[in-house]
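Here is a short briefing to read with the model open beside you. Take a look, and then we can walk through it together.

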There are 2 protein chains.
Amino acid sequence: MGVVPLALKASMDRVSAEVDQGFDRLLPVPGDSRARLFEAMRHAAIGGGKRLRPLLVRASADLFHVDRVPALRVGLAIEAIHVYSLIHDDLPCMDDDDVRRGRPTVHKAYDEATAVLAGDSLHAIAFEILADPETHPDPFVRCELLAELAKAAGPVGMAGGQMMDLMADGAAFDLAAVTRLQQLKTGALIGFCLEAGAILGHVPPEGRRAIRAYSRDLGLAFQIADDLLDVEGSAEVTGKAVGKDADAGKATFVSLLGVERARQQAEILVDQAIGHLAAHGTEATLLRSIARYVVERDR
Amino acid sequence: MGVVPLALKASMDRVSAEVDQGFDRLLPVPGDSRARLFEAMRHAAIGGGKRLRPLLVRASADLFHVDRVPALRVGLAIEAIHVYSLIHDDLPCMDDDDVRRGRPTVHKAYDEATAVLAGDSLHAIAFEILADPETHPDPFVRCELLAELAKAAGPVGMAGGQMMDLMADGAAFDLAAVTRLQQLKTGALIGFCLEAGAILGHVPPEGRRAIRAYSRDLGLAFQIADDLLDVEGSAEVTGKAVGKDADAGKATFVSLLGVERARQQAEILVDQAIGHLAAHGTEATLLRSIARYVVERDR
């Protein structure tokens, strides 16, 4: 990560610290036999990851002049969903990964049953956070957040994309199919991060066009960059096993386009994403920095 | 099931049919590679089970004069949570069950990865149902339902109870510990079924005392009856493997109290549960019938 600008680095560090503190408060270890469950959740949720999703919520909240606490709480809810999905995706019956964020995965550090329950628990906690009046005093806002997160996480979003990914093993997959898969698997949740700022800011649908266009381009650029990292990155940088997609014979943007065209495509998408923000001033600074960072992070 | 009164049987059949129709509408099979995911959800969610939880919501809704559609939608949300928990509990790394409701479990009929994702998908759909204005026009009501369901399903409720159950394998467990475990594992969700009628009916906390007292006694009676079924029932009646708890050396109400005292305790709890409804008239008929049915169902 040679080229993270200082201002972006400062925002990332602040959001990361706030997310860690938030999970620390949300997950106190009880004095009964559920201790192992809470320790497993803490293992997965605290002290790791780039916290890209809470950072995107913060950036979208900047654009719509939303306060710190609501944005942080929505960021925590989305990160809880993201972490639950990583715990379940790492299970032996899914991707069978031993290492995540440079540490043993939950089923390795604990056991499979605890990993299933830790994922399920974080899933429920995400909705508990959003339903709490602390997140936003307006129940219409809370219900819209809840409805959109449920869709983004479920079978018409992330879980559906994960199923497509399982079914794609070894199959002939073209660019349209890979794009559709990624729009569900990672794009739906990233889209919700950016939509959340607009929901928190009471922005009506016609005021959300720029952020939605940004969101589509960014989500795709992010996934292409992820595929590039899987081919070019080192396990040291990514904190997880690399080259797995290629080994599994999975179609990715890189296998379909080649490294050079995939990189060019990601850069075009980032330029487009930033272009959608042209009507905005400094309130879009963080969104612009994140878009640039997405394709630079593996260099 | 020798002694289900006709009126209760009619209510059970009506609720069962409505739940099946509801899931059929909520889970249309898409024309892409997610078809297998939706088929797995339909396999688990449609055409089986006693639908006790949606029936309890209906009974609580009767008490507080709540309409059919809101009660049915809340019942569907809770049943979606219940079904997801069965899918995950049946996994090889958890209880490793091959048969459920007389049919192969999801990981046997499909595979483990699909079972994990089908459970996760139903989990998300439960919250999507509650967040939808079709469930109730008042967003305060929807948020209260969402907050309470998230708590009842998560680590301070069902998932936490399941963890206690995993940790209890073979350990020395007394009556207080088994009671606490069951209050979380099954009691929290049953409690929410009954609370939901009050929430839908805008009933303030002071008007919920009778239903809460009923709920505590019923939940415990239900679990004792379940333990009795595990010892005395046949696989034909229960639709799942029996004698598993005893084989696993798990402490249950029956292993701690013996069959006769456990049955007496369940009957006392049912009488108590019905006693809490003394101030109510015919609007509590279904609640009374269900309480009696809970201890009679295995005879």
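Let's begin in helix α2 (residues 35-45) of chain B, where L37(B), A40(B), M41(B), H43(B), A44(B) and A45(B) are buried. Here a residue is buried if 20 or more other C-beta atoms lie within 10 Å of its own, exposed if 12 or fewer, and partly exposed in between, with C-beta atoms placed from the backbone. Helices (H or I, at least four residues) and strands (E, at least two) are DSSP runs, numbered from the N terminus. This is a predicted model, in which local features need pLDDT of at least 70 and side-chain atom pairs count only at pLDDT 80 or more, while totals for chains, interfaces and linings use all residues. Residues are numbered from 1 along each chain as its sequence is written, and chains are lettered from A and ligands numbered from 1 in the order in which they are written.

**Helix α2 of chain B**

- The buried residues of α2(B) pack against α8 of chain A, and also against α1 (6-26), α4, α5 (106-109) and α6 (112-131) of chain B. Contact between two residues means that their C-beta atoms, placed from the backbone, lie within 7 Å.
- After α2(B) comes G47(B), which has a positive phi near 75°.

**How the two chains are related**

- Chain A is superposed on chain B by a rotation of 180° with 0.0 Å of shift along its axis, at an RMSD of 0.0 Å. That is how a two-fold axis relates its copies.
- The C-alpha of P139(A) is the one nearest the axis in chain A, at 2.7 Å from it.
- The superposition is by least squares on the C-alpha atoms of residues with pLDDT of at least 70 in both copies.

**The interface**

- Chain A puts 41 residues into the contact, and chain B puts in 41 residues.
- On the side of chain A that touches chain B, the elements giving two or more residues are α2 (35-45), α6 (112-131), α7 (139-153) and α8 (158-168) of chain A. The most comes from α6(A), with twelve residues.
- That side of chain A is made up of 26 nonpolar, seven polar and eight charged residues. Ala, Val, Leu, Ile, Met, Phe, Trp, Tyr, Cys and Pro count as nonpolar, Asp, Glu, Lys and Arg as charged, and the others, Gly among them, as polar.
- The copies meet through the same surface, because 100% of the interface residues of chain A are also interface residues in chain B.

**Chain A as a whole**

- Chain A has 15 helices and two strands. Its radius of gyration is 18 Å, close to the 19 Å of the globule rule for 299 residues, so chain A is as compact as a globular protein of that length. The radius is taken over C-alpha atoms, and the rule is 2.2 Å times the number of residues to the power 0.38.
- The C-alpha trace of chain A spans about 55 × 45 × 35 Å along its principal axes.
- Of the 299 residues in chain A, 53% are buried.
- Among contacts in chain A between residues at least 6 apart in sequence, those joining residues at least 24 apart make up 72%.

**The nonpolar core**

- The largest nonpolar core holds 196 residues, and L146(A), A221(A), L146(B) and A221(B) have the most contacts inside it. Such a core is a set of buried Ala, Val, Leu, Ile, Met, Phe, Trp, Tyr and Cys residues joined through C-beta atoms within 7 Å.
- Apart from its neighbours within four places in sequence, A221(A) is in contact with A266(A), L269(A), V270(A), A273(A), V294(A) and V295(A).

**Two buried aspartates**

- D90(A) sits in the loop between α4 (68-89) and β1 of chain A, and counts as buried with 23 C-beta neighbours inside 10 Å.
- Residues up to four places away in sequence aside, D90(A) touches D95(A), D97(A), R100(A), T105(A) and H107(A).
- D165(B) belongs to helix α8 (residues 158-168) of chain B and counts as buried, with 21 C-beta neighbours inside 10 Å.
- Not counting residues up to four places away in sequence, D165(B) touches L181(B) and K185(B).

- R101(A), in the loop between β1 (99-100) and β2 (103-104) of chain A, has a positive phi near 55°. With 16 C-beta neighbours inside 10 Å, R101(A) counts as partly exposed.
- H65(B) lies in the loop between α3 (52-63) and α4 (68-89) of chain B, and its phi is also positive, near 55°. H65(B) counts as exposed, with 11 C-beta neighbours inside 10 Å.

**Confidence**

- The average pLDDT of chain A is 92, and 92% of the residues score at least 70. pLDDT is the predictor's confidence in each residue, from 0 to 100.
- The model has an ipTM of 0.94 and a pTM of 0.95.
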